[in-house]
Amino acid sequence: MKWDKRKILEIDRKHIWHPFTQMKDYEDRDPPVIVEAQGVKFRTIEGRELYDTISSWWTNVHGHLHPLLNEAIREQLTRLDHVNFSGFTHPYAVEVIERLRRFLPPELSRFFFSDNGSTAVEVALKMAFQFWQNRGFTRRTRFVCLENGYHGDTIGAVSVGGVDLFFKLYKPLTFKTFRAPAPYCYRCPENLDRNFTLEASKPSCNFRCLEELEKIFKEYHEEICAVIVEPRLLAAGGMIVYPAEYLRGLIELARRYEVLTIFDEVATGFGRTGTMFAMEQAGVVPDILCLAKGLTGGVLPMALTVTTERIFQAFYADYLEGKTFYHGHSFTANPICCSVAIANLKLFEDEKPLEKGREVRNYFHRRLVELFSDRPYVGDIRYLGYVGAVELVADRKTKKPFPPEKRVGFRIYMTSLERGLVLRPLGDVIYWFLPLCVTKEEVEEILTQSLAVIEEVVTDLSAG
Ligand code: PMP
């Protein structure tokens with residue numbers, strides 16, 4: 001199609017239904033039409049540049065159009081496009097696993113492919129459930145999840161989701177879970193005057209949230225098959241960074257009560273939190289790990305659910321015993337996706353972006369605090385690796401949020417698009433989810449532009 005902005009917008013408005021979007025918001029507003037990308041920036045159809053400050057929904061790892069990732073796809077297109085993965089295998093899937101194992105603890109040795117974060121979670125849930133069923137513990141059918149936790153939008157993932165804004169409506173469709181309080185330090189009742197120049201890795205409390213989790217385990221462990229959690233960062237729940245000690249405590253409790261652990265590293269995996277996987281920061285290993293988004297460098301959809309030999313063995317039996325894992329998707333382990341995942345992992349190994357990026361990450365954190373800490377509308381500042389967030393409040397002392405009808409986050413988003421960057425809000429939390437290739441100069445430009453946008457919208461709001 002020849003690019004014609006007016007035509008594109010006309011057809012889009014008439015026929016396309018966008019995800020997580022109230023389409024009426026676009027009745028008299030145009031979404032940016034993105035036609036090209038390079039590194040940390042998009043180019044719109046009018047030739048305007050726009051910083052991709054959220055790495056295209058937390059997927060993009062090394063910047064857009066990385067030559068090595070592109071080359072890998074091109075080469076794969078001369079060999080094999082697709083083959084079903086039930087009863088066949090191919091060297092491309094095997095190489096992904098061989099390379100990935102170098103980054104994972106050896107206990108995580110069995111790999112199940114699928115094609116997005118939500119399905120990686122669905123697989124994990126069914127696996128955990130069936131693990132107990134196959135071994136005769138038929139009462140263990142329930143899951144524990146966290147408030148503010150998010151694991152995807154399919155019905156199983158929604159059932160273990162803890163963000164009411166997204167999930168409340170669908171409750172009649174979901175299965176029942178136990179929900180434990182989130183380690184949300186800023187809004188923790190135990191921690192009222194905690195300062196936001198947070199050193200997230202230092203425990204500053206007695207972890208009342210873990211006590212609540214233990215209460216659930218203690219009373220119901222014989223009915224619980226697993227607990228699911230996002231390590232170190234509750235991403236969609238508001239970019240809530242929490243201490244590594246909490247994760248260690250959670251694992252310890254789960255082991256004590258023989259509950260399986262599922263770590264969802266769909267968002268945090270592949271370097272985003274400053275280490276290859278966020279769980280490394282707590283030195284713990286789950287029974288099941290979910291990976292997606294950054295697995296292919298954020299270029300093509302692919303996911304993995306990784307587990308231990310112990311879990312795998314519970315399914316390994318004569319066919320007629322009925323222990324088979326009945327799950328699979330058409331595009332399981334697609335060779336083109338595998339080829340770019342291989343190139344992504346090779347990049348991590350050869351170019352060591354996490355070691356090279358240490359100074360940039362420190363700069364990012366320091367500038368976040370310097371620029372935002374004395375703004376009256378900033379209640380909390382959170383950061384970890386390439387992720388940063390500010391939680392905006394109407395009253396810093398009482399932590400009272402802005403009235404929802406003011407749509408502060410949404411207005412900031414709309415203004416940011418006009419000013420050359422993407423500040424996608426989570427409620428009134430404004431965040432940055434940067435790719436590993438970002439430079440200090442880019443960080444500086446992104447943060448100063450962000451501050452100007454936020455300041456403009458909040459000032460306008462107070463005036464009005
Ligand atoms: N888990 C986590 C932690 C996520 O952040 C997301 C997506 N934001 C998902 C699962 C779902 O992934 P997908 O959008 O690929 O289905």
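Modeller: Let us begin with contacts: two residues are in contact if their C-beta atoms, placed from the backbone, lie within 7 Å. Please keep in mind that the model is predicted.

Colleague: With which residues is Leu421 in contact, leaving aside its neighbours within four places in sequence?

Modeller: Leu421 then touches Leu50, Tyr51, Thr53, Ser416, Ile446, Gln449 and Ser450. Its place is the loop between helix H14 (408-419) and strand S15 (425-426).

Colleague: Is Leu421 buried or exposed?

Modeller: A residue is buried if 20 or more other C-beta atoms lie within 10 Å of its own. Leu421 is buried because 24 other C-beta atoms lie within 10 Å.

Colleague: How far apart are Leu421 and Val96 in space?

Modeller: The two are 34 Å apart, C-alpha to C-alpha, with a sequence separation of 325 residues.

Colleague: Let us turn to strands. Why is strand S7 (residues 224-229) described as largely enclosed by the rest of the structure?

Modeller: The description follows from burial: 6 of the 6 residues of S7 are buried, so the strand is largely enclosed. S7 pairs in the parallel sense with strand S5 (residues 142-146) over 3 bridges, and Arg142 stands opposite Ile224. S7 also pairs in the parallel sense with strand S10 (residues 260-264), over 4 bridges; here Val227 stands opposite Thr261.

Colleague: Which residue does UniProt list as a modified residue?

Modeller: The unreviewed UniProt entry lists Lys293 as "modified residue: N6-(pyridoxal phosphate)lysine". Lys293 lies in the loop between strand S11 (288-291) and strand S12 (303-308). It counts as buried because it has 27 C-beta neighbours inside 10 Å. Beyond four places in sequence, its contacts are Trp58, Thr59, Gly117, Val266, Ala267 and Gly298.

Colleague: Which residues come nearest to the ligand?

Modeller: Of the 14 residues around the ligand, the nearest are Asn116, Gly117, Ser118, Gly152 and Val266. Helix H5 (residues 117-134) supplies the largest share of this shell, 3 residues. By class, the shell has 7 nonpolar, 5 polar and 2 charged residues.

Notes: Residues are numbered from 1 along each chain as its sequence is written. This is a predicted model: local features need pLDDT of at least 70, side-chain atom pairs count only at pLDDT 80 or more; totals for chains, interfaces and linings use all residues. A residue is near a molecule or strand if its C-beta atom, placed from the backbone, lies within 6 Å of it. Helices (H or I, at least four residues) and strands (E, at least two) are DSSP runs, numbered from the N terminus. Ala, Val, Leu, Ile, Met, Phe, Trp, Tyr, Cys and Pro count as nonpolar, Asp, Glu, Lys and Arg as charged, and the others, Gly among them, as polar. A residue is buried if 20 or more other C-beta atoms lie within 10 Å of its own, exposed if 12 or fewer, and partly exposed in between; C-beta atoms are placed from the backbone. Two strands pair if DSSP finds at least two bridges between them. UniProt positions are given in the numbering used here, feature names are shortened, and annotations may be inferred rather than shown by experiment.
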